[in-house]
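Subject: Structure handover and notes

Dear colleague,

Here is the structure I promised to pass on to you. Please look it over with the notes that follow it.

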Amino acid sequence: MSEQDAAKPRHVFLVDGSGYIFRAFHALPPLTRSDGTPTNAVLGFVNMITKLLDETDADHLAVIFDAGRKTFRNDVYKEYKAHRPEPAPELIPQFGLIREATRAFNVSCIEMDGFEADDLIATYADHALKAGANDVTIVSSDKDLMQLVTDKVKLWDPMKNKSIGPAEVKEKFGVAPDKVIDVQALCGDTSDNVPGVPGIGIKTAAELINTYGSLDKLLDCLNEIKQPKRRESLTTNAELARISRTLVTLKHDVPIEHALSTFARRAIDPDMLYAFLRANEFRTALTRAQNKLGSQVSAEAKAPPATGGSAP
């Protein structure tokens, strides 16, 4: 095998880090270090990433995070996600530690101001396919990522140990993955404050898109809608549907700062991982890591990676 073939991605794992954070936070009871820093989400994340690395055959892997609350979508629709409460005070100091944890496992840690993690995932999934990857696995159960599913791109729900492919997407939305955007544009999303069209739910939206083929064709044929209230709502809120489509459409052209090649799987540096686990007083996780990786470390253990930044 040539060096070029060896570097070519076969199976790329893109982990929805923000989804991991909140699942980890709610999965474990409150926990603090001796200095009072909350760490339950960090420990949950460590456990989840340990399990993932043990089980995956991916040769390229990255954890991708949301960089902040404001993105380009807020310029399109100022109410987008505006109603979401601030993170719990005990979670806020754990965001940086979770990024440190990612680097402690020698895994690429990616985020970018102005874009959601989902946009980066969409862009990197495209890069992986163009680079010749046979499989792209998005580690998330987020419905907003289901529009990316193809025969080569699947979601993996780490909590249910369930793969989400085209059949599961159709079961969820009533349409194939390439029509998910149009359905979401019609039914909206209360969790993200995507308005959609009042009175149109997923089932009706799927029926309309399956009948007319696309949102644009539907809006061009509103005079054919027989139900008066439905026709009136679609006519009155056609522009809201178009705005909603923009909000739910993931970007595939984010000007990424780190090449896909930097996601190549790297061996864990025991010194770095042990230092992080000791600093956060994760004794059980440390013992587990030492049993697997070996307990021999250098006399001067490397310091944990510094918080901040998005370099892999």
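I begin with the bridge between Ile 64 and its partner in β3, Ile 110. This is a predicted model, in which local features need pLDDT of at least 70 and side-chain atom pairs count only at pLDDT 80 or more, while totals for chains, interfaces and linings use all residues. Residues are numbered from 1 along each chain as its sequence is written, and side-chain values use heavy atoms, with hydrogens and water left out.

Strand β2 (residues 60-64) pairs in the parallel sense with β3 (residues 108-110) over three bridges, where strands are DSSP runs of E with at least two residues, helices are runs of H or I with at least four, and both are numbered from the N terminus; two strands pair if DSSP finds at least two bridges between them. β2 also runs parallel to β1 (residues 11-16), to which five bridges join it, and Leu 14 stands opposite Ala 62 there. Both faces of β2 are covered, with His 60, Ala 62 and Ile 64 buried on one side and Leu 61 and Val 63 buried on the other (buried means under 20% relative accessible area, exposed over 50% and partly exposed in between, with a 1.4 Å probe and protein chains only).

Strand β5 (residues 153-157) has a covered face formed by Val 153, Leu 155 and Asp 157, whereas Lys 154 and Trp 156 lie on an uncovered one. Four bridges pair β5 with β4 (residues 135-139) in the parallel sense, and Lys 154 is the bridge partner of Thr 137. With β6 (residues 162-164), β5 runs antiparallel over three bridges, and in their hairpin, which has four residues between the strands, Asn 161 takes a positive phi near 50°.

Turning to the helices, α5 (residues 92-104) and α13 (residues 270-279) pack at an angle of about 155° with their axes 9 Å apart, the axes being lines fitted to C-alpha atoms over the stretch in contact and the angles running from 0 to 180 degrees between N-to-C directions. Leu 97, Glu 100, Ala 101, Arg 103 and Ala 104 of α5 make the contact with Met 272, Leu 273 and Phe 276 of α13 (contact means heavy atoms within 4.5 Å).

In helix α11 (residues 228-236), the buried residues are Arg 230, Ser 233 and Leu 234. Pro 228, Glu 232 and Thr 236 are exposed on the other side of α11.
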